[in-house]
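User: I would like to go through this model term by term. Please set each value against its definition.

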Amino acid sequence: MSSERELSGKHAVITGGGRGIGAAIAQRLAEQGARITLMGRTRDVLEARAETLRALTEINCETVDVGDAASVEAAFAAAVRRLGPVSILVNNAGQAGSAPFVKTDPALWQQMLSVNLTGTYLGTRAALPDMLAAGWGRIVNVASTAGQKGYPYVSAYCAAKHGVIGMTRALALELAQKRITVNAVCPGYTDTDIVRDAIANIRAKTGRSEAEAQGELAKHNPQGHLVRPDEVANAVLWLCMPGSEAITGQAISVSGGEVM
């Protein structure tokens with residue numbers, strides 16, 4: 001941990017902050033002194049994570065449905081009342097659902113867009129006025145290698161994550177002279193609940209062992225393993241730290257070389 005705590009005085013909001021990649025990001029930003037608001041659906045999960053961080057910094061928790069505009073507006077308003085204007089936004093909340101394209105019904109399609117793409121839009125829309133008023137900000141969208149390439153059976157998820165990267169690039173240009181950077185971090189298969197669900201799905205459909213099912217996903221990574229949440233968090237931290245000002249509009253793959 002840096003003794004200088006380079007993000008002291010900054011308020012960082014992390015959606016999906018209670019577990020997995022979001023929890024790892026919260027740890028890294030807290031270590032650098034940022035005040036943290038964790039957002040997610042389940043209060044108990046958020047509070048449990050917050051308890052592990054309170055020795056490092058001020059922590060606030062807000063429950064939210066990232067796909068619902070009124071819920072997002074209320075959560076961000078409460079966060080600002082408690083910890084001040086938002087300086088850093090990490091749009092991390094996400095959900096993956098799989099089905100062959102012909103079985104991807106409108107409900108699944110809309111759910112993937114709502115959580116992964118609309119949620120990113122709504123969070124950004126809520127946080128951006130504070131950044132514009134301050135003349136400084138960092139927006140990091142946790143997308144996926146599914147926003148950089150295709151995977152079978154997850155057309156809706158891929159479409160949503162491609163949309164996140166497109167929005168990232170457009171907004172980065174719009175804000176290029178405002179001292180606000182906008183970037184996407186794109187993890188490959190990462191050791192999170194989403195991937196554990198995928199492993200369970202593979203086991204149920206194929207009868208493979210857990211190790212075999214995990215290996216089926218890990219083989220996408222040329223390094224031969226699932227990405228660790230802290231590896232993604234380190235990339236997010238770098239984009240938020242002083243010295244990253246020239247990095248904007250990028251979709252940075254954290255995937256062991258799967259996407260180049």
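## Terms and their cut-offs

User: Why is Y189 called partly exposed?

Analyst: Y189 has a relative accessible area of 24%. Buried means under 20%, exposed means over 50%, and partly exposed lies in between (1.4 Å probe, protein chains only). So Y189 counts as partly exposed. A note on the source: this is a predicted model, where local features need pLDDT of at least 70 and side-chain atom pairs count only at pLDDT 80 or more, while totals for chains, interfaces and linings use all residues. Residues are numbered from 1 along each chain as its sequence is written, and side-chain values use heavy atoms, with hydrogens and water left out.

User: What makes the pair of Y151 and Y189 edge-to-face?

Analyst: The ring centres are 5.7 Å apart and the planes stand at 70 degrees. Rings of Phe, Tyr and Trp (its six-membered ring) pair if their centres lie within 6.5 Å; planes under 30 degrees apart are stacked, over 60 edge-to-face, and the rest tilted. The structure holds one aromatic pair.

User: Which parts does the pair of Y151 and Y189 tie together?

Analyst: Y151 lies in the loop between β5 (137–142) and α5 (155–174). Y189 lies in the loop between β6 (180–187) and α6 (193–206). The parts are 38 residues apart in sequence. Helices (H or I, at least four residues) and strands (E, at least two) are DSSP runs, numbered from the N terminus. Y151 is buried, at 10% relative accessibility.

User: How do you know that the charged end of K10 sits over the ring of W136?

Analyst: The charged end of K10 is 3.9 Å from the ring centre of W136. The rule asks for NZ of Lys or CZ of Arg within 6 Å of the ring centre and within 35 degrees of the ring normal. K10 is listed as sitting over the ring of W136.

User: What residues make the contact of α3 with α4?

Analyst: From α3 come A69, V72, E73, F76 and V80. From α4 come L122, G123, R125, A126, A127 and D130. Contact means heavy atoms within 4.5 Å. The axes of α3 (residues 69–83) and α4 (residues 106–134) come within 9 Å and cross at roughly 35 degrees.

User: Where is A79, and why is A79 called buried?

Analyst: A79 is in helix α3. Its relative accessible area is 0%, so A79 is buried. Leaving aside neighbours within four places in sequence, A79 is in contact with H11, T37, M39, N60, E62 and G84. A79 and E62 are 17 residues apart in sequence, yet 7.1 Å apart C-alpha to C-alpha.

User: What makes N92 count as buried?

Analyst: The relative accessible area of N92 is 11%, so N92 is buried. N92 is found in the loop between β4 (88–91) and α4. Not counting residues up to four places away in sequence, N92 touches I14, T15, G16, I21, G22 and V142.

User: Why are Y153 and R179 called exposed?

Analyst: Y153 reaches 55% relative accessibility, so Y153 counts as exposed. R179 has 56%, so R179 is exposed. Y153 is in the loop between β5 and α5. R179 is in the loop between α5 and β6.

User: What is phi of Y153, and what is phi of R179?

Analyst: Phi of Y153 is near 75 degrees. Phi of R179 is about 60 degrees. Most residues other than glycine have a negative phi.

Technical notes. Axes are lines fitted to C-alpha atoms, for helices over the stretch in contact, and angles run from 0 to 180 degrees between N-to-C directions.
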